[in-house]
Structures are given as structure tokens and as C-alpha cells.
Amino acid sequence: MMKRKICVVTGTRAEYGLLYTLMKEIEKDQDLQLQVIVTGMHLSPEFGLTYQEIEADGFIIDSKIEMLLSSDTPTGATKSIGLGMISFGEVLGQLQPDFLVLLGDRYEILAAAVAALIAKVPIAHIAGGDITEGAFDEAIRHSITKMSHLHFVTNEDAFKIVRQLGENPSNIYLVGSTAIERITGLKLLNRIELEALLGFSLLKKNLLITFHPVTLEHQASSQQFQELLEALHDLGSEVGLIFTKPNADPEGREMIRRIDDFVARHSNAIVQTSLGQLHYFSLIAQVDAVVGNSSSGIYEVPSFKKPTVNIGGRQKGRRLASSVISCAAEKTEIKKAIREAFMKDCSNTVNPYGDGNASIKILHIIKSIKDYKGLLKKSFYKVGEI
């Protein structure tokens, strides 16, 4: 009996962390063959060549798709999508997968979805239906939903939104977030091990900071980020600051330049290009709060029962745990939120994104589909009167 080929696409370090457990489950299943396509930031020296982490985890990469231009503009991002579509079309023709697994809302994933749609490869989409009003990721996510055939959503609100987009409820599955399961499966580094690895001594109070470009807001990402940097400066040298670099979106490189300049002038700050899941989660466990606008602060940090300072509107619309403190991208408001985070008791926090078994649920559902090609022709599911 021929194994069914399940192809997983990943373009960023964060996305790979969300896919890791599912990839391992597919890999060890006797009825399935895992295929891996790596693209985007994974292949960029500027962002740490993180495809090497995928290989170090024991995965065989079937194809590497170079599509990321060294550009910080909307034009560059648009050209990258075009390059990605061309290459994904070629690679899908070579690999001939039975199913393509895509996660989230990145423009690299949009390119893969378009190519798969034209190639008649059924798509399983993870984390559709989420709302992020401050970034063009929102429109990309919903677009991928309309090109997909199975939908694995993280929460009840997302289920309703995917259904409202016209997708048949029989193909929408509430599985929770794949982010949670990796947390429970890792043996985290202790403080001494982490300090040795970072070459940095944690202080009495410490913050982990990740701030990505806000691609739809009127105020430029660099302006919002400058407000954050000024707030962090005002905290003083007694607070340790660990930055991770932003995504490869418009203005991302300008933000990296500002981080490097800030770290060069502050002995209490360091920057990491790519931490990897183990080191990243180990840091969350050691710091006093996570600060920025990354989805990780919404999905993952609540499981550590640590506060998140969620800045600006990038994540607006997502379901938030009680540990999340939202504030405007303004220096005074950010400082106020950080002070609140330092005093916040998160011991009773419940993560609203599931029980940590999402990948097993996804695998069982994919395996239960006998006729993958039968999913390709969809009817618009009408909710109420139109």
C-alpha cells in the first residue's frame, strides 16, 4: 500500500515551532510520508539560517524555496510572493503531495496556497479564523481559508468566523493551538544554563521583547517601536532586556537597526537573531514578562503563567487570557503596562487555546479522510439568510 504524502510548509522560526510536533507525528506514522518544504526567513543568513535547526531536529528537507528579497518595502514583499508562487508551482509538481499542510497567515504561506489551489492539491489550514486587525496578515489568513479544504481552528470564535466565510462546518475542526503541546514536551534550561548560553547575566527583573512590523496601522512600525525603546530606556539599567529580532516584513530591517543601536548603548540589553524553541521557552520561564506584539504572547506565554504586555493593535481581535495586558503604542502607556506586569499575579491563568493535544487531533482527522481529491470542489456554506 502506497503511503500518503503529507507535505508541510514552513517559512519562519515561530511557525516551525508550531508545526514541530505535528511533523514528528506524521513522520512516525506508518501510513504517511512526511514531505517538508522550507522557505522564507529559514533560508536567510540575516535571520539566522534557521533551516539548520529543522535539520538538527532530524527532519529531511525535500525542497528549499528561495523567495525572500533583501528589501524592506511593500514592493519587495510583493515580489517575494510572486517568486514564491513560481517556485511552489514547480516544487508541488515534483513532489506530488496528497495533502499540503499550511499554518497561519504569512505571505510565504499565501504563495504556497495559491500554487496548491491551481495544482489541485488539497490544503489543510491550521489557525484560520483568527483576528489580527493591525496587520495585512488578517486578509492573508482569510484568503488562505478560502483556498483550503480542512480547517483546524484554535478557538470557538475562530470556528464561527471560518463558517461565516462560507466554509462547511463539517470540514472545520476545533483542535486548539499547536503551540501549547511543545511547551509540555520540552525539558527547559535552568537559569544558569541559560545565562551561559546567552553570555548574559539575568538581572533582578527581566523582560523578553519581540516586536514585529504593524503593516496596516497609520503610525509607522518604526515610530511605534521607538516608543517602546524609549519606555525600555526609562526603566533603567536594573531591568534586563532580551530582544528577539522581528519578522521579514516591511520596516523589519529598520527595526533591527534600531535594536542593534539600542543594545550597543545599553549594557543591560542583548539581542538574539533566533533563539529556537527550547531557548525561547526557557527564557519565558525565567523572565518577569514578555513584551511586544507577537502572537506568542497570546498563544504560548499564558501557559507559563507569566504576564504579556501586548502593545498596539497588531493582535487586536484575538481571544486574550487574563495574563495579557494590552496598551497603546505610546511610551507612557507602555511603562504603565510593564509596571502592572511586574506586580501581576498570573498563577490562576488559564490558556484559552486548548489542552495541548492539537497535533494528535489533526493527524487523526487527516488520516480519516479517504478521498482527498473529493474535497477540492467546495460549495459556499450559507449562514442564515443572504
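**Strand β1 and Arg13 in a predicted model**

User: What do β1, helix α1 and β2 make?

Analyst: In this predicted model, the three elements form a right-handed β-α-β unit. Helix α1 covers residues 13-28.

User: Which way do β1 and β2 run, parallel or antiparallel?

Analyst: They run parallel, and 7 bridges join them. Strand β2 spans residues 32-39.

User: And how many bridges join β1 to β4?

Analyst: There are 3 bridges between β1 and β4 (residues 99-103), and these strands are parallel.

User: Is β1 mostly covered or mostly uncovered?

Analyst: Strand β1, residues 4-10, is mostly covered, with 5 of its 7 residues buried.

User: Changing topic to Arg13: where does that residue lie?

Analyst: Arg13 is part of helix α1.

User: Why does Arg13 count as buried?

Analyst: Arg13 counts as buried because its relative accessibility is 18%, and the cut-off for buried is under 20%.

User: What is Arg13 in contact with, leaving aside neighbours within four places in sequence?

Analyst: Its contacts are Met41, His42, Thr50, Thr244, Lys245, Thr273, Ser274 and Gln277.

User: How far is the backbone oxygen of Lys245 from the Arg13 side chain?

Analyst: That oxygen of Lys245 lies 2.6 Å from a polar atom of the Arg13 side chain.

User: What about the C-alpha atoms of Arg13 and Val271?

Analyst: The C-alpha atoms of Arg13 and Val271 are separated by 16 Å, while the two residues are 258 residues apart along the chain.

Conventions
Residues are numbered from 1 along each chain as its sequence is written. This is a predicted model: local features need pLDDT of at least 70, side-chain atom pairs count only at pLDDT 80 or more; totals for chains, interfaces and linings use all residues. Side-chain values use heavy atoms; hydrogens and water are left out. Buried means under 20% relative accessible area, exposed over 50%, partly exposed in between (1.4 Å probe, protein chains only). Helices (H or I, at least four residues) and strands (E, at least two) are DSSP runs, numbered from the N terminus. Two strands pair if DSSP finds at least two bridges between them. A crossover is right-handed if, with the strands pointing away from the viewer, the path from the first strand over the helix to the second runs clockwise. Contact means heavy atoms within 4.5 Å. A polar contact is a pair of N or O atoms within 3.5 Å; within protein, one must be able to donate a hydrogen and the other to accept it, and residues adjacent in sequence count only if both atoms are side-chain atoms.
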